[in-house]
Amino acid sequence: MEDRDGNLWVAAGGLQRYDRENDNFVRSPFDTTGEHGTLPETKYLAYDSSGILWIASWTALQKFDLHTHTFTKINLGSDGIPPWSMSLDKLGNVWISSIYNGQFVRVDKNDLTHRTYTFESHFKGKLNEWFTKIDQPSGIFADEENTIWAYVYNGGIYKFDWLNN
């Protein structure tokens with residue numbers, strides 16, 4: 001993931017930034033034992049237009065402000081929703097899918113509150129015939145119109161027009 005200043009960020013063995021001058025990777029100044037979770041668990045990165053690097057790990061969602069170099073852990077409630085994949089919509093909201101409980105979470109970029117959605121109550125029926133199980137989402141994607149597309153193991157594809165529901 002490249003930020004607007006040209007820094008390359010990767011989720012490999014934790015959050016790391018590529019130092020172009022020295023041609024090596026530098027681990028972020030991430031608190032590996034404190035409230036922010038464990039660095040080696042970093043799985044997904046997303047970068048938004050305001051300079052926020054969103055970091056999903058097995059245990060948490062983090063907001064890293066590249067201007068102030070501060071981390072904020074996002075509380076996803078008692079469900080402990082482990083992120084499986086992540087996407088940003090055009091309004092800056094963060095969408096997370098969780099393979100373990102068949103849920104999707106939208107985190108509001110501004111106030112960091114979240115709302116949980118499920119396949120059964122929010123996503124419109126399958127769009128192909130290969131689908132067999134709806135409780136194992138494997139990915140999520142927000143398109144240009146803010147439609148949320150969810151894909152699941154065994155080939156199922158669902159869509160959710162969250163702005164009109």
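View 1. Strand 10 (residues 103-107) and strand 11 (residues 114-118) run antiparallel and are joined by 5 bridges, where strands are DSSP runs of E with at least two residues, numbered from the N terminus, and two strands pair if DSSP finds at least two bridges between them. The two strands form a hairpin with 6 residues between them, and Leu 112 in the turn has a positive phi of about 65°.

Residues are numbered from 1 along each chain as its sequence is written. Because the model is predicted, local features need pLDDT of at least 70 and side-chain atom pairs count only at pLDDT 80 or more, while totals for chains, interfaces and linings use all residues, and side-chain values use heavy atoms, with hydrogens and water left out.

**View 2. The salt bridge between Lys 109 and Asp 48.** The closest N and O atoms of Lys 109 and Asp 48 are 3.4 Å apart, a salt bridge being a side-chain nitrogen of Lys or Arg within 4 Å of a carboxyl oxygen of Asp or Glu. Lys 109 lies in the loop between strand 10 and strand 11, and Asp 48 in the loop between strand 4 (42-47) and strand 5 (52-57), so the pair ties together parts that are 61 residues apart in sequence. Both Lys 109 and Asp 48 are buried (under 20% relative accessible area, with exposed meaning over 50% and partly exposed in between, for a 1.4 Å probe and protein chains only).

**View 3. The salt bridge between Glu 144 and Lys 90.** Here the closest N and O atoms are 3.4 Å apart. Glu 144 is found in the loop between strand 12 (137-142) and strand 13 (148-152), and Lys 90 in the loop between strand 8 (85-88) and strand 9 (94-98), so this pair ties together parts that are 54 residues apart in sequence. Glu 144 counts as exposed at 64% relative accessibility, whereas Lys 90 is partly exposed, with a relative accessible area of 48%.

**View 4. The open sheet of strands in the order 4-5-6-7.** The 4 strands of this sheet pair in the antiparallel sense, and its edge strands, strand 4 and strand 7 (70-74), each pair on one side only. Strand 6 (residues 61-65) and strand 7 are antiparallel and pair over 5 bridges, and Gln 62 stands opposite Lys 73 in strand 7.
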